[in-house]
Amino acid sequence: MYVELHCASAFSFLQGASLPEILIDRAAELGYPALALLDRDGVYGAPRFHKAALSAGVRPIIGAELALNLEAGRAGRAGREDRRGSASSAIPPVLPIQPIPPFVLPVLCESQEGYRNLCRLVTRMKMRAPKGEGALTLDDLEGATSGLVALVGRSALAGHQFGVGGLVDRLVGIFGRDRVYVEVQRHFRRGEQTDNQMLVDLASAFHVPVVATGGVRFATPDSRPLFDVLTCIHHHTDLARAGRRLAPNAERYLKPPSEMAALFADMPDAVARTCELTDRLQYTMADLGYRFPDYPVPQGETQATFLRKIAEVGARERYRPYHDRARAQIARELDLIEKLELAGYFLIVWDIVNFCRQHDILVQGRGSAANSAVCYSLGITAVDPVKMELLFERFLSEERGEWPDIDLDLPSGDRRERVIQHVYEKYGRLGAAMTANVITYRGRSAAREVGKALGIEETQIDRLAKVMGHFEFRDQHDTLPKHLSTVGLDLDSDRVRLFAKLWHEMQDLPRHLGQHSGGMVICQGQLDAVVPLENATMPGRVVVQWDKDDCAEMGIVKVDLLGLGMMAALQDALTIVNTRQDGRERQDGQNGRVDLAHLPPDDPDVYEMLQAADTIGLFQVESRAQMATLPRLKPTCFYDIVVQVAIIRPGPIVGQMVHPYLNRRAGREPVVYPHPSLEPVLKRTLGVPLFQEQLLRIAMIAAGFTGGQAEDLRRAMGFKRSEKRMRKLESQLREGMAGNGIDGEEAEKIITAIMSFALYGFPESHAASFALLAYASAYLKAHYPAAFYCALLNNQPMGFYHPSTLVKDAQRRGVRFHPIDVQLSDWNCTVEEDGAIRLGLRYVSGLREEVGKTIALCRVRFSSLDDLVNRTGLRRAELVTLADIGALNSFGYDRRSALWQAEQAVRPAGELFTDMTATTFTAEHAEHAEKLFLEELTSASPLKPMTEAERIVADYAGTRLTIGRHPMALRRDELATRGVSRAIDLRTARNGRRVRVAGMVITRQRPGTAKGFVFLTLEDETGVANIIVRPDLFLRDRLVITDEPFLLVDGVLQNQDGVTSVRAERIAGLHGGGVQDVEFDAHDFY
Amino acid sequence: MFACVYSPGYDDHRKAREARKENNIENSASSACSAVTVVAQQFSPRYETRGDLVVIDVRGLDRLFGDARTIAEELRREAADRGLRVHVAIAATQTAAAVLAIARPGVVVVERGKEAEAIAPVSLQILGVLDVALQIEILKRWGLKTLGDLAALPADELSARLGQQGLAWHAMARGADVRPLVPDVEAERFEASLDLEWPIEGLEPLSFVLTRLLEPLSLRLEQRDRGVAVLHVQLRLVTKETYARRLELPTPMRDVKTLRTLALLDLEAHPPSADAIAIDRVTVVIDPTPGRVWQHTLFARPHPTPEQLSTLLARLGAAMGQDRIGAPVLLDTYRPGAFAMKPFATVHDHPAHPAFPALPASALRRCRQPVPARVVADADGRPLKITSDRRGFAGGAVLHTSGPWKTSGDWWIDGPAEKAGRAGQAGWDRDEWDVALSDGASYRVFVERGTQRWFIDAILD
């Protein structure tokens, strides 16, 4: 019998061509009892390998191939000796000293200690090298190999590096004689028999056993072409040039045990020894030795008792009065938390939240944690799950045996980074790390790489990559042959067929390791003993080698610290509101501080704004689809916002639940339930399931599932569906429903509802957390618009709209803006004493941040342009942009005069004036300069002042926005004569009327759920108009629609339930009128 | 007084000229001058080609043709006769003439002193055509649209902002010249042609004709210290077809005998079609290059001169085919026996200690074309008996085998060998065996895995 002990997967990143699951499936098919995975310099694929192996009944063995270099010291010594030698003998060296390439040492984990040592070794290797590089030295292995078994192969024959047998000798010394094996491989290559014989002789000389291995790189011989393509990518070359870097044959596949036995028929011991060694390698990843850190509690307390106490205190603060339902729920949760020994986890998250509070960083728990009353009491979440009747089992259940998942939303940018660095500092660089994000090959990247490897022309590759998955939407004709024919490739040709095959095989193969946006894992003790750590590209960040799903699978607890632009905007807006001297803008008559936690509930202005879909800039409810639903849903209470947040999601849209809900809400259709027993669950959503929690409850009520089973059902229907698991759960569901007397059509209806919805469903708790932010943003927009828009502008990019749209929306709400002025503007936008927003220097295109901040810090006014340039180091292009946008007008110029003077200010001064820098400027100089400046001002510029159209063009060119009139306003008279309606006029026009509208394109959307329809938003001086473009019209006028900044649209007006849109019939570009030069990039969502 | 001729389709002519240059027919007589330049040559030797337009010094032409308008009309007529539609402008300055020729169709004549006024309404963009360094963005930002706008700016202040360059633009905007006319000088051509009274056939008489053509050319080349980089030989056949050959030389040379020999060898290897070999006109055109400086040394081993080596290689090429001359080099591939021919290069400095690979213990004589064989194999594919119909390859029972060695590659090159891949071959996938036969011979044989056909690949000595 034979066991394969040397097998690499695609997680060796370009050095293996099969996913771990494929290798395991093949191993199970071939009857292997066990299989070892040795990926290059890591255990990246180990969790998936482990999971797949357990379900296939194959024992997983873990190891890795470690890159080893000669010791730096030794190489240095060798170099010095060579140089000395050459000097003494006076004979020049014949050949230059070549750097010795690293070699690979495969190691296998015999015990948990071995696994820990492996993780530590890999961490040591990775942490001292840039991302993607690194190698160990033999000295690194000293004392760090307990529990590891080394396989030494052909690298032992490199006598010029180690001397004859030197490597085996060193390894025996490091690992111990009983934990070194000499491996022999046969790939039907000439010369390998000689090497193998030498290896056998070496093994005999050092009394170490010989073991046969396959050196597997892919599951089946069919994968060899893909392996060659990956090799090309690895070496940055193509197949025609790769030469002998490609595989010499297709023999590195997982061979049947019998074939391996036959191949090594002359060395039966080497084959038999694989089984012996397998018996020794008893370590599986079932126990990683991971422990979540203990939270330090006061003396006499345990973590559980301490949690109870602070939860009690928090609950009394939160619940006023602290009613019985809340008390009972909290007690139930605390019992379960104690039983599952999760108190420490809650305390640590609570600690992070406290850090945020103490450092004035806004924080809010989201996701399923919002289902927990304990989290609410501890201040981790802001939604009351008892009042909202949220399902706790969605968060935590005894049956699942999993760690809960708490996600914290933080303001994006520096404040989130401070929290992350706090966690690193608190738990140590080797005690905390970000989770990884495995980047895989997808349509576009795979097309590019395969195309390059096959030597397809670069222009064709570019076109190919562009058409592969350019749009989110894929219709039935959106197939690979169609893409290929689009770029002029014929699927009948051999080369193109080969491209298609390889492109297909490459999908989902790992490409490289990225960093997850916010997932952090922390550990009691050393995390590097649990999973290898490595440097991220971003300085100061360390990542684990597993992604968040793998971490969860392996029982490693993750806390998501997610950055949310709106959190940052809200916090900034509140700071502005609370620090303004007298809060003169406030309309509510309150004199106290405005606090997010204590906003007045059910503010009528907020609901009025939402019902009118006046939601540009608001969190989650600002998109075109949301704005089209709001006037129909007409929110009147907080729960309506929760529904609104959740309803425009792929789940309800694909499940066709939006219209039934809206119709029932409008009384156009009766409220019915799939089964009477489900009425309590679906009553709040009028019989239409909208949330994941409802799905869980349906399963619990209709089929008698426990909370844990229901959560299992939800997960089984998630993105990574397993047919087998689905079938099992479906039959359980049917059985359960039959037991409750639900069968036939009713049962089918329920199952269909669950099936169609589960994939994209939205948790109610998550929607509630988001709804809170949506409410807060609406409240600030309604009552403190200047502060709100100012904060939004300072946190771009975020949200659905371009800053220019935000400015126009603010102006329509009466907010006034002051232009950028080098004498007055800060780097960020600010609200001035008169309540107007002063645009910040951050909006000057091409202005370096450090220069912008220096300008803002110079609180002493600049006396002249020369003074400005001398004190801030502005470059010519920056000064010209500032002049062009009117930021120098406070010197007494108009824009053109400023441009005229700016050109002179930045010209080299010549030798006479080189010493006249800011530091040597005396009072006398200053006086003289000012005199000259005044003379300069009085001399009129020979240039004509800009026209309004020119100013608008300059604004868009220099700041991407304008606070002047909208470009469309300049053309209004002319457009009116052409019968073009204003956006505001559409609201009052008759449904079905033919209309003509025109405007600047601010968004283009082609959502995956819209069957190829394209949605445009056109903006004019009165507001926005929504345009719906049929797929055939889009295909016909694609270039006009995607390239023209201004469009003229003829179509039919749809004006129903307060929602207006124009169904386009003819679309053309709008040219002329002086604003055709406006440079504006719409937000495109393809 | 300057006339400027601008052909709006001139770009196309230029592109065509560049295309011809790429195809190395730049020096052919018909393409030497562009049509617009030829028009200019008809009027004055003092003309300058500036990209798309030609500026001609027409001072004194009034005595030949009449007033400025008449000259302009003549220019236009001359161009029309050559199939060109051109704009013509005449002004006292080159700049004004150039601007107006580009901006205004037809014929424009400007009185002396009214240049600035005439060009004032023209768009500033035009300066971009005349001056590649124009920073049009600055001027656009200043709101300037026409040359008149620019001309209206005070020169001293413009100079303070844009320096000398700005002054130059300002002058141009006023129609003033910023540099004198630099007349084109025609490049010297090395070309000779001979019309034969009687058509000749065969290479021997051609040899005399070539010598007669090359000798004066060689003399001219020597006088100007030039050598031949490319030799063009054009033969007009009695069928009125022209047969042309192009011969690139490895080093500049001008030895008539060598040039003649190389040309003849090339024609021998690539003769005109068999049914029309009578020649009635021979033309030789030479692409010149700076001459070679040759310094002999006492310390280097004497070696053949480039002339000798080129002649030898040309002779070998004519006999064997050009692609079969050179030194064999191994290719970076696992394909058994793959090699390519690299052109010979004269290497004067050999490394002091070349690293020779260890010699194999036994010699392998590879069959350049694998020899088909009949093989009886066992269930594992191991050959038991090998025979071949090819003479010289005995067959017999296999006494010893070693293998199989599996090798495959170039899987992405599909189809037969003529589809070309590396070394002109398609992908391969084969199992190799080294066998010792009962008749004492040892072979390397292989079986193609796809077709299961056996071949003898090499003889092991």
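**Entry 1: the contact.** How many residues does the contact take from chain B, and how many from chain A? I found 33 residues from chain B and 37 residues from chain A, contact meaning heavy atoms within 4.5 Å. I noted at once that this is a predicted model, where local features need pLDDT of at least 70, side-chain atom pairs count only at pLDDT 80 or more, and totals for chains, interfaces and linings use all residues. For bookkeeping, residues are numbered from 1 along each chain as its sequence is written, chains are lettered from A and ligands numbered from 1 in the order in which they are written, and side-chain values use heavy atoms, with hydrogens and water left out.

**Entry 2: buried area.** I looked up the area buried between chain B and chain A and got about 3,200 Å², with 53% from carbon and sulfur atoms. Buried area here is the accessible area (1.4 Å probe) that two parts lose on being put together, summed over both. On the chain B side, B:R161, B:Y334 and B:W411 lose the most area to chain A, together 26% of what that side buries.

Entry 3: Between chain B and chain A I count six salt bridges, each a side-chain nitrogen of Lys or Arg within 4 Å of a carboxyl oxygen of Asp or Glu. One that I looked up joins A:R244 to B:D332, with the closest N and O atoms 2.8 Å apart. I then looked at which elements of chain B take part: α8 (136-141), α10 (155-173), β14 (396-409) and β15 (428-437) of chain B each supply at least two residues of the side that touches chain A. Helices (H or I, at least four residues) and strands (E, at least two) are DSSP runs, numbered from the N terminus.

**Entry 4: inside chain A.** Over all chains, the structure holds 88 salt bridges. I picked A:D140 and A:R128, whose side chains meet at 2.3 Å, N to O. A:D140 lies in helix α5 (residues 138-141) of chain A and A:R128 in the loop between α4 (112-127) and β4 (136-137) of chain A, so the pair ties together parts that are 12 residues apart in sequence.

**Entry 5: a sheet in chain A.** I traced an open sheet of three strands, in the order β15-β17-β16 (chain A), with mixed pairing. Strands pair if DSSP finds at least two bridges between them. β15 (817-818) and β16 (830-831) of chain A stand at the edges with a single partner strand each, so one side of each is left without a neighbour in the sheet. β15(A) pairs with β17 (residues 837-838) of chain A in the parallel sense over two bridges, and A:H818 stands opposite A:R838 in β17(A).

Entry 6: Which peptide bonds are cis? One joins A:Q796 and A:P797, with omega about 0°; A:P797 is in the loop between α35 (785-794) and α36 (803-812) of chain A. Another runs from B:G403 to B:P404, with omega near 0°, and B:P404 lies in strand β14 of chain B.

**Entry 7: confidence.** The model scores ipTM 0.71 and pTM 0.75. Chain B has a mean pLDDT (the predictor's confidence in each residue, from 0 to 100) of 83, and 87% of its residues reach 70 or more. Over residues 22-33 of chain B, pLDDT stays under 50. Where pLDDT is low, the predicted coordinates should not be read in detail.
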